[in-house]
Amino acid sequence: MSVETAAARAAETPMPGVARGEVLVDVKNLVMHFPITEGIVFQRATAHVKAVDGVSFEIRKGETLGLVGESGCGKTTTGRCILQLEKATSGEILFEGQDLTKLDQRSLVPVRQKIQIIFQDPYSSLNPRMKIGDIIGEPMRVHKIITDSAERAARVSELLSVCGLDPKFADRYPHEMSGGQRQRVGIARALAMNPTFIICDEAVSALDVSIQAQVINLLEDLRDEFHLTYLFIAHDLSVVRHISHRVAVMYLGKMVELAVCDELYDNPLHPYTQVLLSAVPIPDPEVEAQREHKIVKGEVPSPINPPKGCVFHPRCTLAVESCSKEVPEFREIRPGHWVACPLVG
Amino acid sequence: METQGGYLSTLLQIEGLRTQFFTSAGTVKAVDGVSYTVEEGETVALVGESGCGKSVSALSVLRLIPDPPGRVVDGTIHFQGQNLLELDEEGIRHVRGRQISMVFQEPMTSLNPVLTIGLQLTEPLITHLGMDDSAARTRALELLGMVGISDPKRRLTQYPHHLSGGMRQRVMIAMALACEPKLIIADEPTTALDVTIQAQILELMKDLTKRLGVALIVITHNLGVVARYADRVNVMYAGKIIETGSARQIYHNPKHPYTLALLRSVPRMDQPRKDKLDPVEGQPPDLTRLDEGCAFRPRCRYAAERCAEAFPPLEPVGNGQMCACWRKDDLAGPLREAS
């Protein structure tokens, strides 16, 4: 699709919050290197897994930012760093103007109420020995939001119905529920704290297609009802396109492209984004038969020893000599459309 | 299409297959009266959600259902004229890997972690084809080259943990092709892989099966993969095939409300974004508590009284397409409008 039509369509679809709302999360030059150690008594780092290597982006209030990429690209680590589940090697994470990386555990407690996470696997993220009511009620008890147990039970029922579950599920255990129902419990638990910002880490990936659509609709309804901001981490590009206002693409610890959703999908600029989009099969045999499939050669290199220069250059069809030497600048080619490739635009 | 011209012979014919699991919670009717055929060189897709019986029906073909708790209780599976269910253990061993081979979902768990790639790849050649070591080695190198693995000599001495997920799946495909089988059953072959690697593997399998004339049963829940791949599509729900037809028929002219609902519930990248997705409401049924009616009825927006009385038979609706729905005739109009 041409640039004009994409831009026109982007202009037609008003996206609440985008470009207008205030910045809620501002990630600046985030770096997360995990050391690989040798030795038992005297541990020394022999190498580093460069999981996230200099990533910057901002999320505005009410916005859903999609974060896509293949396994090992650092998208989950980015989410965990924002939540302070990993201590970032360097960089700043500003949440409502406050740098989370500088806070100690005690000062993080009130912040943690505002940022919640929904995990991928609805089987391992719920304690099998706790009743659903206790799972959802626990954060309210821990943070002393509702100390009275009867009041808490009422709130749990309310949350269950908000998430489309029968309140009587509160007395059941996770094994009595299906995957889709468990994921709704995970969502109810995240909502229990009245958060402003939710990180959805592959929140619908483990679900069957018919159930996946139910949960996506629920997440969208909740976003509108409670004015939530999402960081939607996923590898399924069609789902991300559906739910996001803006989308960021990561590859091997780096951000390669960031744009408004329709602009990115209609007019991808980075060669990696292009092969990624072309690899997604479309559920229509006629479209598939006519579509050009750009197949990318080779596999993702190891993040321990990523390629010099542009990390994508060994697999890139456009690559020229300078790509293996200079790290490409992440630059704004058009208003709101950022790309890390000097050869396009 | 060639396969409907009738000049290709039927390779696999499954009739009235019933596979059940006898558990403490009751009898699970995992596969409940499934019939379909695979022609020579054809790619057939089995599509459906978790627990619909697609994997179990394929495992039944190779008699890989663990007994107890599971058992094929009824039906016939004719492969090149021979009923696989009547073979003894020795007989089925000659079919497995030799005439019908499998590619499993998890390349990590389906390769033996303590044996080298070379040993695992030459084993079927030595057992089934009676090759000697050096001939098997030469053939193994050839196979690795065929599936696009670089430096095959070194790979033969490596262990599965040395390889990435995509490479392991390539090794699995090489193993499946080793004895030049007539049929490969691929159970979610790309589900565990990243999307760009998935595209590589799909392209490889498509190319190899076409070139070598191998028939393929591909089991998947990914409707996009099916569209890129399959000649014929069988849609399963709660242990039964509820619709079957060519890929074009299934995607462009679905006759069963479930097929349509499934297609409509996935967001599509080639279409404008919708405000809301259109999910299939409700939960999949409990396979231990199925009644005699249509299993999709509680989630079906077109359900009528008759749907509770008996399960609708799979009947032709024209041009080789078949559908199991009582209301298939009066729904033709509404479904076409909705799709």
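1. Let's start with strand 3 of chain A, residues 64-68, where both faces are covered: A:Thr64, A:Gly66 and A:Val68 on one side, and A:Leu65 and A:Leu67 on the other, are all buried. Five of its five residues are buried, then. Here "buried" says that 20 or more other C-beta atoms lie within 10 Å of the residue's own, "exposed" that 12 or fewer do, and "partly exposed" covers what is in between, with C-beta atoms placed from the backbone. Strands (E, at least two residues) and helices (H or I, at least four) are DSSP runs, numbered from the N terminus.

2. Before going on, remember that this is a predicted model: local features need pLDDT of at least 70, side-chain atom pairs count only at pLDDT 80 or more, and totals for chains, interfaces and linings use all residues. Residues are numbered from 1 along each chain as its sequence is written, while chains are lettered from A and ligands numbered from 1 in the order in which they are written.

3. Who sits beside strand 3 of chain A? It pairs in the parallel sense with strand 8 (residues 229-233) of chain A over four bridges, and A:Leu67 stands opposite A:Ile233 there. Four bridges also join strand 3 to strand 9 (residues 246-251) of chain A, again running parallel, with A:Leu67 opposite A:Ala248. To count as a pair, two strands need at least two bridges found by DSSP.

4. Chain A also has an open sheet of four strands, in the order 2-1-4-5, with antiparallel pairing. Strand 2 (44-60) and strand 5 (98-99) of chain A are at the edges with a single partner strand each, so one side of each has no neighbour in the sheet. Strand 1 (residues 23-38) and strand 2 of chain A are joined antiparallel over 13 bridges, and A:Met32 has A:Val52 as its bridge partner in strand 2. Helix 2 (residues 75-82) of chain A packs on this sheet, touching strand 1, strand 2 and strand 4 (90-95) of chain A, and its direction makes about 110 degrees with that of strand 1. For such angles, axes are lines fitted to C-alpha atoms (for helices, over the stretch in contact), and values run from 0 to 180 degrees between N-to-C directions.

5. Over in chain B, look for an open sheet of eight strands with the order 6-7-8-3-9-10-12-11 and mixed pairing. Strand 6 (100-103) and strand 11 (315-318) of chain B stand at its edges, each with a single partner strand, so each has one side without a neighbour in the sheet. On average, neighbouring strands of this sheet are turned by 25 degrees against each other, direction ignored. Strand 3 and strand 8 of chain B pair in the parallel sense over five bridges; B:Val44 has B:Ile217 as its bridge partner in strand 8.

6. After the helix comes B:Gly213, with a positive phi near 65 degrees.

7. A word on confidence: the model scores ipTM 0.82 and pTM 0.85. Chain B averages a pLDDT of 88, with 97% of the residues at 70 or above; pLDDT is the predictor's confidence in each residue, from 0 to 100.

Methods. Contact = placed C-beta atoms within 7 Å.
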